[in-house]
Amino acid sequence: MVTPLAVVVVLIVGLVSWTLYQNNYDIREEKVMITGGSVPLPGVLALPEQGDGPFGLVVFVHGDGPIDATHETFYRPLWESFAKAGYASLSWDKPGVNGAPGNWLDQSMDDRAAETEAAIEWARGRSDIDPSRIGLWGASQAGWVMPKVVNLDPDVAFVIAVGTAINWLEQGEFNTIAELSERNASTDEFEKARVDRAKNLEQLARDASFGDLVASGEATDGLTEDRWNFIRKNYRSDARADLETVEVPVLLMLGVHDVNVDIADTERVYRELLDSPGQLVVKKYSDGTHSLVKKNLEDSELMSTLVAILAPRSLFVPGYLADQTAFLEGIHG
């Protein structure tokens with residue numbers, strides 16, 4: 001006779017086995033130390049499971065925030081999809097994250113581009129990497145970094161841009177309005193956000209320190225001094241001038257439910273500036289958010305956590321991983 005305890009044990013064992021299976025990826029991860037930049041940065045090189053190479057390489061350029069090399073494992077399904085196309089992936093802890101030296105909030109977009117170029121040069125020194133097949137993957141804030149890297153390095157082979165913005169200030173305004181609209185904010189809340197934004201822009205225009213901002217009585221809304229200084233360095237960022245001279249193949253991936261970036265503006269500018277025949281591929285996903293996670297999952301912290309643990313590849317909208325694999329497979333014939 002099967003007891004209830006035995007049933008529970010079987011279910012637990014099955015669940016554990018399934019979770020381990022779902023979190024086992026067809027890649028080989030190597031911890032590395034990337035040198036050559038302003039500070040050495042610990043990272044991960046994810047190689048295809050089979051073969052000695054040389055492999056193509058996708059260099060990851062993070063979005064905003066204190067992101068570690070694996071983005072808390074969020075990147076691993078992407079690394080696996082790139083490995084299917086014969087590409088390795090390289091990612092690193094942002095300065096100040098996981099004990100890495102430095103502070104990412106001290107960086108300008110030019111600093112981030114120089115850091116990425118140093119990582120590319122480091123990778124070119126490895127015998128298992130094909131220097132003619134090194135390109136960039138980046139999300140959100142990386143939209144201001146990757147075009148700079150391409151212009152620094154004429155040998156960069158491609159760009160995969162996920163939810164990238166064009167203009168820092170326009171993105172901020174769009175994001176504020178979109179988030180307020182999504183939660184059905186009141187007219188008073190919209191007006192307060194407009195006034196607070198205008199006052200902070202005035203402070204930025206006169207390059208006010210954080211101390212000046214606090215002393216003025218303006219709304220800081222949880223800002224730290226480091227964050228304010230990061231904004232001061234970067235709020236003039238606009239991708240247009242750098243995008244104009246990009247000549248490599250670009251895959252632009254956009255989620256229709258993106259509340260961080262005005263995807264219509266991004267698509268329009270990319271199509272306008274990347275106008276060589278066949279240069280730009282645009283993929284839009286009707287159920288996608290800013291990070292191309294399914295909207296119903298992103299809207300539920302419980303569901304997104306469960307799926308991230310039990311079936312992490314299923315976090316993303318259908319086609320997102322496969323479209324990136326296909327793009328890489330098509331670059332070199």
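Okay, hi everyone. Before anything else: what we're looking at is a predicted model.

Let's start with helix H6, which runs over residues 187–205. From its first C-alpha to its last it reaches 27 Å, close to the 27 Å expected for its 19 residues. Now, which residues of H6 are buried? They are Asp196, Asn200, Gln203 and Leu204. These four cover an arc of only 95° around the axis, so they sit on the same side of H6. Turn to the other side of H6, and you find Thr187, Glu202 and Ala205 exposed. And what covers the buried residues? The cover includes helix H7 (210–216) and helix H8 (225–234). One more detail here: just after H6, Asp207 has a positive phi of about 55°.

Next, salt bridges. Side chains of opposite charge can pair when their charged atoms come close. Searching the whole structure turns up 21 salt bridges, and I'd like to show you some that involve helix H10, residues 263–273.

Take Asp265 and Arg268, whose closest N and O atoms are 2.6 Å apart. Both are in H10, three residues apart, which is about one turn of the helix. Are they buried or exposed? Asp265 counts as buried because its relative accessible area is 16%, under the 20% cut-off. Arg268 is partly exposed, at 44%. Arg268 also meets Glu272 in a salt bridge, at 3.6 Å from N to O, and that pair is four residues apart in H10, again about one turn.

Then there's Lys284 with Glu267, at 3.1 Å from N to O. Lys284 lies in strand S8 (residues 280–285) and Glu267 in H10, so this pair ties together parts that are 17 residues apart in sequence. Lys284 is partly exposed at 49%, whereas Glu267 is buried at 13%.

Staying with those residues, look at Arg240, in helix H9 (residues 240–243). What does Arg240 touch, leaving out residues up to four places away in sequence? Its contacts include Asp265 and Arg268, along with Ile166, Asn167 and Glu170. Arg240 itself is partly exposed, with a relative accessible area of 27%.

Last stop, the surface. Leu302, Met303 and Leu306 make a nonpolar patch of about 290 Å². Leu302 belongs to helix H12, residues 301–310, and is exposed, with 61% relative accessibility.

That's my tour, thanks!

How values were computed: Residues numbered from 1 in each chain as written. Predicted model: local features only at pLDDT ≥ 70, side-chain atom pairs only at ≥ 80, totals over all residues. Heavy atoms only, no water. Helix = DSSP H or I, 4+ residues; strand = E, 2+ residues; numbered from the N terminus. Expected span 1.5 Å × (residues − 1). Buried < 20%, exposed > 50% of the residue type's maximum accessible area, 1.4 Å probe, protein only. Arc of directions from axis to C-beta. Contact = heavy atoms within 4.5 Å. Patch = residues over 30% accessible without salt bridge, like charges linked within 9 Å, V, L, I, M, F, W, Y side chains within 5 Å. Areas by Shrake-Rupley, 256 points an atom, 1.4 Å probe, with all protein chains shown as cover. Salt bridge = Lys/Arg side-chain N within 4 Å of Asp/Glu carboxyl O.
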